[in-house]
Amino acid sequence: MKVFDLHSDLFTDIAFRRAAGERNVFDRLHAPVLRAGGVTAVICVFWTEPAFADRPLVRFRELAEAAMADLAESETAVIRPFHGGPDEPSGDKITLYLGLEGITFVHTLMKESGEPLADILEDLKSRQIQHSILAWNENNAFASGTGEAEPSAEAGLTALGKEWIRKCSADGVLIDVSHLDEPSFWDVLATADGPVIASHSNARALCDHDRNLTDGQIRAIAETGGLIGLNAYGEFVDAAEPTVDRFIDHAIHLKETASIEHVAFGFDFIQYLEVHPLGDDMNIYTDGLTSASDVPALLKRMAERGFTEEEIEAISFRNAERFLHRMEERRRNL
């Protein structure tokens with residue numbers, strides 16, 4: 001069964017390894033694991049790690065240069081725009097869509113270059129980067145993210161953040177609300193014109209973490225026609241005992257709260273990042289679901305838990321496929 005993963009940080013691994021002299025990282029290390037899990041399409045993000053928080057623009061450029069150089073060597077990866085749809089190419093190719101997990105670097109670029117926001121977004125789109133999360137776990141010039149020790153009195157989208165969202169909506173760029181705190185989340189929904197996704201977030205009703213979504217947020221995303229990608233990172237699955245069955249509990253909750261058509265996978269697998277100095281500890285895994293190679297066993301267990309083959313196919317691939325086709329129809333009508 002084909003699988004679409006709405007969120008991957010594999011570019012981070014590629015950047016570290018290429019800086020150490022390795023080459024063809026995607027084909028050697030990532031493609032075999034993705035193939036073992038049936039993953040044929042994935043949104044890969046450029047994410048400024050905590051270790052590079054003081055130089056986000058420099059790090060973005062390093063990540064982009066490393067990833068593009070590695071993918072240019074690849075015989076497996078195919079970069080496509082979102083409006084191309086996820087159902088091609090066929091065979092053993094893996095479709096990659098390019099996204100941003102945090103745009104703090106955009107503000108740095110604006111200050112250094114004097115470029116207006118619209119020109120920067122247009123340049124990113126020309127590189128086939130057509131997805132955006134405004135903040136990771138920080139507060140920046142655009143939005144407030146989860147993870148701050150103390151909630152900010154100025155939480156929510158800034159004027160610049162609202163401008164970014166309006167331009168993304170107008171240009172057909174995919175807006176992603178994962179990592180945003182609640183004030184920013186609701187500001188995005190009030191500002192965006194069109195569907196939004198939460199690429200890698202679970203249900204707060206089952207795991208009370210600020211990275212997860214309340215039932216109200218889940219329903220609100222569904223009302224936009226959006227998607228929620230189930231996250232396999234253990235801390236967001238269960239505070240005490242993250243297991244495959246608890247992960248499936250989140251799938252059941254999303255299905256019951258928003259309906260099956262709005263549920264997808266955004267696994268956020270990071271086992272390959274353990275060897276790199278990220279500047280933060282990220283090693284809380286879900287037992288039995290730590291990499292893409294575990295996905296076939298997950299799908300089997302979902303069937304045992306009562307999901308039909310049609311429902312599993314919808315969550316695995318078809319919901320994302322339909323969503324991107326709707327995004328393309330919308331883009332044509334903008």
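Biologist: At what angle do the axes of α10 and helix α11 cross, and within what distance do they come?

Modeller: This is a predicted model, in which local features need pLDDT of at least 70 and side-chain atom pairs count only at pLDDT 80 or more, while totals for chains, interfaces and linings use all residues. Residues are numbered from 1 along each chain as its sequence is written, and side-chain values use heavy atoms, with hydrogens and water left out.

Two packed helices are described by the angle between their axes and the distance between the axes. The axes of α10 and helix α11 (residues 295–304) cross at roughly 65° and come within 10 Å. Helices here are DSSP runs of H or I with at least four residues, strands are runs of E with at least two, and both are numbered from the N terminus. The axes are lines fitted to C-alpha atoms, for helices over the stretch in contact, and the angles run from 0 to 180 degrees between N-to-C directions. At the crossing, V244, D245, F247 and I248 of α10 meet L298, R301 and M302 of α11, where contact means heavy atoms within 4.5 Å.

Charged side chains also belong to this picture. A salt bridge is a side-chain nitrogen of Lys or Arg within 4 Å of a carboxyl oxygen of Asp or Glu, and by this rule the count comes to 24. A network of salt bridges links D238, D245, R246, D249, R301, E304 and R305. Two of its members, D245 and R301, are also among the residues that meet where α10 and α11 cross.

Helix α10 is linked to helix α12 as well. The side chains of K255 and E311 meet in a salt bridge, N to O, at 2.8 Å. This pair links distant parts of the chain, for K255 lies in helix α10 and E311 in helix α12, 56 residues apart. Buried means under 20% relative accessible area, exposed over 50%, and partly exposed in between, with a 1.4 Å probe and protein chains only. K255 is partly exposed because its relative accessible area is 28%, whereas E311 is buried because its value is 16%.

Although S259 is a residue other than glycine, its phi is positive, near 90°. S259 has 27% relative accessibility and therefore counts as partly exposed.

Helix α12 (residues 309–333) has 25 residues and reaches 34 Å from its first C-alpha to its last, close to the 36 Å expected at 1.5 Å a residue; the expected span is 1.5 Å times one less than the number of residues. At I315, α12 bends by about 60°, the bend being the angle between axes fitted to the seven residues ending there and the seven starting there. Further along, E328 forms a salt bridge with R332, with the closest N and O atoms 2.8 Å apart. E328 and R332 are four residues apart in helix α12, so they are separated by about one helical turn. E328 is buried, with a relative accessible area of 9%, while R332 counts as exposed at 62% relative accessibility.
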